[in-house]
Amino acid sequence: MKPIISKDSVVYFSQECYTALNSYLDTANHSKICILVDNNTHEHCLSLLMSKIEKEYDIEIIEIESGEIHKNIETCSGIWNALSELGVDRKGLMINLGGGVITDLGGFVACTYKRGISYINIPTSLLAMVDASVGGKTGVDLGNLKNMVGVISESEMVLVDTEYLNTLPVNQMCSGFAEMLKHGLIQDRNYWEKISDLSQLNLEDLDQMIYDSVVIKNKIVTEDPTEQNVRKYLNFGHTLGHAIESFYLTNPEKPTLLHGEAIAIGMIMEAFISLELLSLTIDDLQNISDVILATFPKIEIDPNDHPKIMELLIHDKKNEKGNIYFVLLNTIGEASYNCIVSDELILNSFAYYNSL
């Protein structure tokens with residue numbers, strides 16, 4: 001597969017990943033290389049990466065605990081201190097080997113340590129392959145508020161090797177699939193229809209599905225790298241989805257939702273709002289709901305929790321001048337951004353989801 005050229009980065013696929021990586025390491029002359037892993041990728045993925053590095057380099061491994069709950073400034077501080085103790089200077093390189101938490105957090109650490117060192121993302125989850133590692137967004141959560149602290153800065157390269165998916169649990173695969181569905185909904189009806197029926201797909205299709213998803217995201221990001229206009233399309237399902245994810249993450253009596261599981265709920269609810277405010281048809285709404293619920297478990301959201309979830313919308317980083325902005329669908333494959341939605345309609349979207 002041809003590499004995908006982003007603004008200041010390149011996404012490589014399959015075995016070309018390691019040809020590009022070894023060529024880069026051979027010529028960049030980094031003083032030290034640090035590989036950031038969590039406990040899962042240390043066990044399941046690190047040995048594969050190390051086997052692909054052809055020459056001897058000064059490499060250090062930094063491990064953190066896995067999970068969204070550790071995606072915070074405290075974890076960053078620990079990594080910054082580790083980099084300092086290891087003597088990493090401005091010619092150092094950080095390789096982020098993991099899912100979205102690792103690529104988001106590791107990119108942010110690299111961009112801020114000594115005012116910025118180079119980094120490479122090697123995503124090991126489907127979610128990170130099609131979304132989190134591509135486009136230069138880095139960041140961490142602030143309490144229960146998602147991705148409130150961060151910068152936009154491209155990695156040197158992104159290496160997408162689906163061999164890392166071999167040990168991924170089914171729910172993690174589904175989590176990434178939510179972002180792929182989103183790419184079809186906001187930009188490409190044909191892509192949506194192609195991936196909507198998982199029963200017709202096999203593992204041989206996966207590489208091409210991922211590639212096509214990255215093409216869609218890269219096209220949007222290249223046109224609007226700092227999210228002033230069309231990059232906002234990528235937030236479809238995320239306004240309500242992030243609020244739901246944050247609420248469930250910080251309430252011990254609630255089940256923890258994976259990112260994609262929460263975004264799946266958000267996409268159904270925001271599709272319902274699209275029916276009410278824009279030109280999305282009832283048939284398209286039913287199609288969206290059916291496809292998503294065929295893959296993602298229905299979560300019963302207690303009506304008593306609706307106001308608490310809505311309170312989190314106020315802190316959404318996409319808001320401006322006190323307005324809560326949504327991305328909504330005109331039709332499958334075409335979106336609109338900066339849509340203002342009333343509280344009453346948001347509550348109605350909860351009722352719609354609960355009725356399914």
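A residue counts as buried when its relative accessible area is under 20%. The model shown in these views is predicted.

**View 1. Helix α10 is mostly covered.** Helix α10 spans residues 238–249, and eleven of its twelve residues are buried. The buried residues are His238, Thr239, Leu240, Gly241, His242, Ala243, Ile244, Glu245, Ser246, Phe247 and Tyr248. Their cover includes the strands β8 (145–149) and β10 (325–331). Helices α7, α11, α13 (306–313) and α14 (343–355) are also among the elements that cover α10.

**View 2. Helices α7 and α11 cross with left-handed geometry.** The axes of α7 (residues 170–187) and α11 (residues 259–277) come within 7 Å and cross at roughly 35°. On the α7 side, the contact is made by Asn171, Ser175, Ala178, Glu179, Leu181, Lys182 and Leu185. Helix α11 contributes His259, Gly260, Glu261, Ile263 and Met267. By class, the residues of this contact divide into five nonpolar, four polar and three charged.

**View 3. Leucine 277 lies in helix α11.** The relative accessible area of leucine 277 is 41%, so this residue is partly exposed. Leaving aside residues up to four places away in sequence, leucine 277 touches Leu328, Ile340, Val341 and Leu345. Between leucine 277 and leucine 345 the C-alpha to C-alpha distance is 9.3 Å, with a separation of 68 residues in sequence.

**View 4. Phenylalanine 13 and tyrosine 211 form a tilted aromatic pair.** Five aromatic pairs are found in a search of the whole structure. In the pair of phenylalanine 13 and tyrosine 211, the ring centres are 4.9 Å apart and the planes stand at 55°, so the pair is classed as tilted. Phenylalanine 13 belongs to strand β2 (residues 10–13) and tyrosine 211 to helix α9 (residues 203–223); the pair links parts of the chain 198 residues apart. Both phenylalanine 13 and tyrosine 211 are buried.

**View 5. Tryptophan 80 and phenylalanine 108 form a tilted aromatic pair.** Their ring centres are 6.2 Å apart, with the planes at 55°. Tryptophan 80 is in helix α4 (residues 73–85) and phenylalanine 108 is in helix α5 (residues 100–112), 28 residues apart. Tryptophan 80 counts as partly exposed because its relative accessibility is 24%, whereas phenylalanine 108, with a relative accessible area of 6%, is buried.

**View 6. The charged end of lysine 298 sits over the ring of tyrosine 353.** The distance from this charged end to the centre of the tyrosine 353 ring is 5.3 Å.

Key: Residues are numbered from 1 along each chain as its sequence is written. This is a predicted model: local features need pLDDT of at least 70, side-chain atom pairs count only at pLDDT 80 or more; totals for chains, interfaces and linings use all residues. Side-chain values use heavy atoms; hydrogens and water are left out. Axes are lines fitted to C-alpha atoms, for helices over the stretch in contact, and angles run from 0 to 180 degrees between N-to-C directions. Helices (H or I, at least four residues) and strands (E, at least two) are DSSP runs, numbered from the N terminus. A crossing is left-handed if the near helix is turned anticlockwise from the far one by less than a right angle, and right-handed if clockwise. Contact means heavy atoms within 4.5 Å. Ala, Val, Leu, Ile, Met, Phe, Trp, Tyr, Cys and Pro count as nonpolar, Asp, Glu, Lys and Arg as charged, and the others, Gly among them, as polar. Buried means under 20% relative accessible area, exposed over 50%, partly exposed in between (1.4 Å probe, protein chains only). Rings of Phe, Tyr and Trp (its six-membered ring) pair if their centres lie within 6.5 Å; planes under 30 degrees apart count as stacked, over 60 as edge-to-face and the rest as tilted. A charge sits over a ring if NZ of Lys or CZ of Arg is within 6 Å of the ring centre and within 35 degrees of the ring normal.
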